[in-house]
Protein chains: 2
Amino acid sequence: MSATVSPLAPKKYPKMPAIEGVRIATAEAGIKYKNRTDLLAVIFDEGTQVAGVFTRSKCPSAPVDFCRENLAGGKARMLVVNSGNANAFTGKKGREATALTGKAAADAVSCKPGEVFLASTGVIGEPLDAGRFSHLLAGMAREAKSDLWLDAAKAIMTTDTYPKVATATVKLGETEVTINGIAKGAGMIAPDMATMLSFVATDAPLSAAVLQSLLSKGVGATFNAVTVDSDTSTSDTLMLFATGAAAKHGAPQITDPNDARLAQFRRALNRLLKNLALQVVRDGEGARKQVEVTVTGAKSSRSAKKIALSIANSPLVKTAVAGEDANWGRVVMAVGKAGEPADRDRLSIWFGDNRLAVEGERDPHYSEAATSAYMKRDEIAIRADLGIGRGKATVWTCDLTKEYVAINGDYRS
Amino acid sequence: MSATVSPLAPKKYPKMPAIEGVRIATAEAGIKYKNRTDLLAVIFDEGTQVAGVFTRSKCPSAPVDFCRENLAGGKARMLVVNSGNANAFTGKKGREATALTGKAAADAVSCKPGEVFLASTGVIGEPLDAGRFSHLLAGMAREAKSDLWLDAAKAIMTTDTYPKVATATVKLGETEVTINGIAKGAGMIAPDMATMLSFVATDAPLSAAVLQSLLSKGVGATFNAVTVDSDTSTSDTLMLFATGAAAKHGAPQITDPNDARLAQFRRALNRLLKNLALQVVRDGEGARKQVEVTVTGAKSSRSAKKIALSIANSPLVKTAVAGEDANWGRVVMAVGKAGEPADRDRLSIWFGDNRLAVEGERDPHYSEAATSAYMKRDEIAIRADLGIGRGKATVWTCDLTKEYVAINGDYRS
């Protein structure tokens, strides 16, 4: 969609290995975009377990409703994602479109309709004509291949300027298992559940209950800790699929979320989720800088996160970072407006290692030169210590530039 | 501060009458700005009653603390306001500056220190050198005049592109009384108490308790219903002074907030507060359009206001208005993210008289041409009807343009 790639795009992509039991196909269905793929089908071997977290929006899209319903079964055979149309706020027509797609997908892989999952991303309010692509699914299922993860990430892009992939291998018991993930998202990004589309798959033999526990806990410090513009989408979807194929190679079947053998896998999954979430922030519309906001010394962790988000979502803080100004006064403002317990006279603020304010006043020893040099970097860390407790949280955002306004306001004028 | 005046600035200013018992002086103290006034002193006759509402920020400025403390006495003799420095987050130095200014003001008009009120607006975190202007106060008190309301409004401007004044005359009992108000504010504006500086004075003989009741109730649908950028200032201050001079002309002394004779005065005051609040929105940094957001059919009025603010603060809604696009999908998104009760399939959305969405779907009868023409106006009304209750609220904001980012981000880069 965008002509220029974000300056924060990854310099290179990891080689994405195959996940046994997962096959991928993409197609140019011409739903909205021309001359690019806009349809993704992921086919899972029988026995694949699934978990998901979704937007907390009160106006969720039809596919989100569809997935929530099917998730109860815990089993997945096919995932169908289209870009260019969100199938959100499309009423009865939206439900008809998901039903039609679900039926076509189930026919394509001979599974139950309840084993199909759908996601749509793009324009809100435009009816989605599922007839335009549902006939493609059978052929896609036949021709799907295991080594198309980067293609998968490309097919689901909207205003993204680069595809987002991540991979990890990790021991489960004595056996190596793989985790692959893709994500999309650049605008309408705010932490309230998943905040964009992301699909993660593994060959580890984990039950749906284990997957759900891993995902629900993992999302808090990763996807739910990033914000581009505080605007929560109607379509946010994060799903985790486990084919279980690694069981053939000796990986243990795990059905208890508290199983100690999950420790390494959990850490690897959380790292992968954070990696994907940061890729979303770094592709934030108009972004030129990544901003990490850490709040320490708050009353509680929940309170720390609320204050961190108040800083990360403040237009004045974000424009100051865009202007390479360590405007800590605006950080004070954002702490103050969060409504959480704070004591002005114990507040200290850092930009990187530069302490600019201490105990409610400008730090008399801070170096203007060092701070100015620091603000020229493309990764800025802001820390506020409240000095009243032990609550701590970190969130990530990007700066607010004229390009954000151009991308979201200029398209018609 | 700004070279170009907002296109939404008033075409002309009302003639501001004198308020008996109020005298005004301004000065060029050179606190930060050069070649303009930056200091305002308002002197009140003995017996003047006062009320105020202030920022709910947990990091309020030193003058806010000072005013809160003095408000308990309910009496005012002098108000001193400086622009260019907010005296916020200035620690012990900040308290010393308010003490010094308070003392100089009290000496200037021979009143108690508790009868002085202070406000400061400008940069946060910079110590305010009160010695730079406190010596001017005695002379200003001597030379103050009753017909300088527009000058008063000019002296307190920061990033404002025009001064903000309003006046009303209304019957109290059988006697005409006058209400004058000034305000400043353009950025760091969000509804949580007063959201900027505004000072209102009247010659009506109303007690401090009556004033506080009028102000606390009046602020909800006026100053607390406007937002420019969701960023609540550390310094927001709205004060109401009543000299009581109209008693000499027969106006009744009112000490009971529930006195029925207040009805007309209350309506006039609320209109004046709304007038000033809208002037602040219309001077929103970078604003080219005023946006009125009304939510009807919500579960409650409180819920309606929360949803209306979610729409009014959404960067995606505000950039769409800047781009003259009736992007109702983003309104759906903003309703959904508010976290308040909503039923997607009962939601309807209007831009002006153009209904774009009805009962959870795009309105099949809407006219693209009529809507596009409407979006070119400089006052845009957005309405969302939730269809689930009788709660109703209106808030006001402006569009989000590249100028906002330039004003807040370009000043150093």
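Start with Arg302(B), which is exposed, with a relative accessible area of 55%. Keep in mind that this is a predicted model. Arg302(B) makes a salt bridge to Glu340(B), and their closest N and O atoms are 3.3 Å apart. The two residues sit in distant parts of the chain, 38 residues apart: Arg302(B) is in helix α7, residues 301–312, and Glu340(B) is in the loop between α9 and β11 of chain B. The cut-offs here are under 20% for buried and over 50% for exposed.

Now a second pair within chain B. Lys164(B) and Asp283(B) meet through their side chains in a salt bridge, 2.7 Å from N to O. Lys164(B) belongs to strand β6, residues 164–172, while Asp283(B) is in the loop between α6 (263–282) and β10 (290–298), so this pair ties together parts that are 119 residues apart in sequence. Are these two residues buried or exposed? Lys164(B) has 0% relative accessibility and counts as buried. Asp283(B) is buried as well, with a relative accessible area of 2%.

As background, side chains of opposite charge can pair when their charged atoms come close. Over all chains, the structure holds 35 salt bridges. How many are counted between chain B and chain A? That count is eight salt bridges.

Let me take two of the bridges between the chains. In one, Asp65(A) pairs with Arg344(B), with the closest N and O atoms 2.7 Å apart. In the other, the side chains of Arg95(A) and Asp345(B) meet at 3.3 Å, N to O. Arg95(A) lies in helix α2 of chain A, residues 91–109, and Asp345(B) lies in the loop between α9 and β11 (348–351) of chain B, so the pair joins two chains. Arg95(A) counts as partly exposed at 40% relative accessibility, and Asp345(B) also counts as partly exposed, at 28%. These residues are connected: Asp65(A), Arg95(A), Arg344(B) and Asp345(B) are linked in a network of salt bridges.

Next, the interface as a whole. On the chain B side, 65 residues are in contact with 65 residues of chain A. The area buried between the two chains is about 5,400 Å², and carbon and sulfur atoms give 56% of that. Which residues of chain B lose the most area to chain A? They are Lys58(B), Phe89(B) and Arg344(B), which together account for 15% of what that side buries. Arg344(B) is the residue that pairs with Asp65(A).

Turning to polar contacts, 16 residue pairs are counted between chain B and chain A, with both residues at pLDDT 80 or more. Several elements of chain B each supply at least two residues to the side that touches chain A, among them α1 (62–71), α2 (91–109), α8 (315–322) and α11 (402–409). The largest share comes from α9(B), with eight residues. Sorted by class, this side of chain B has 22 nonpolar, 22 polar and 21 charged residues.

Then the symmetry. In general, two copies of a chain are related by a rotation about an axis and a shift along it. Here, chain B can be laid on chain A by a turn of 180° and a shift of 0.0 Å along the axis, with an RMSD of 0.0 Å. That is the relation of a two-fold axis. In chain B, the C-alpha nearest the axis belongs to Lys402(B), at 2.4 Å. Of the interface residues of chain B, 100% are also interface residues in chain A, so the copies meet through the same surface.

Ser348(A) lies in strand β11, residues 348–351. Ser348(A) counts as buried, at 7% relative accessibility. What is Ser348(A) in contact with, leaving aside its neighbours within four places in sequence? The contacts are Ala357(A), Val358(A), Glu359(A), Arg383(A), Ala384(A) and Asp385(A). With Glu359(A) there is a specific distance to give: its backbone nitrogen lies 3.3 Å from a polar atom of the Ser348(A) side chain. By contrast, Val219(A) is 129 residues from Ser348(A) in sequence and 29 Å away in space, C-alpha to C-alpha.

Key. Residues are numbered from 1 along each chain as its sequence is written. Chains are lettered from A and ligands numbered from 1 in the order in which they are written. This is a predicted model: local features need pLDDT of at least 70, side-chain atom pairs count only at pLDDT 80 or more; totals for chains, interfaces and linings use all residues. Side-chain values use heavy atoms; hydrogens and water are left out. Contact means heavy atoms within 4.5 Å. Buried area is the accessible area (1.4 Å probe) that two parts lose on being put together, summed over both. A salt bridge is a side-chain nitrogen of Lys or Arg within 4 Å of a carboxyl oxygen of Asp or Glu. A polar contact is a pair of N or O atoms within 3.5 Å; within protein, one must be able to donate a hydrogen and the other to accept it, and residues adjacent in sequence count only if both atoms are side-chain atoms. Helices (H or I, at least four residues) and strands (E, at least two) are DSSP runs, numbered from the N terminus. Ala, Val, Leu, Ile, Met, Phe, Trp, Tyr, Cys and Pro count as nonpolar, Asp, Glu, Lys and Arg as charged, and the others, Gly among them, as polar. Copies are superposed by least squares on the C-alpha atoms of residues with pLDDT of at least 70 in both. Buried means under 20% relative accessible area, exposed over 50%, partly exposed in between (1.4 Å probe, protein chains only).
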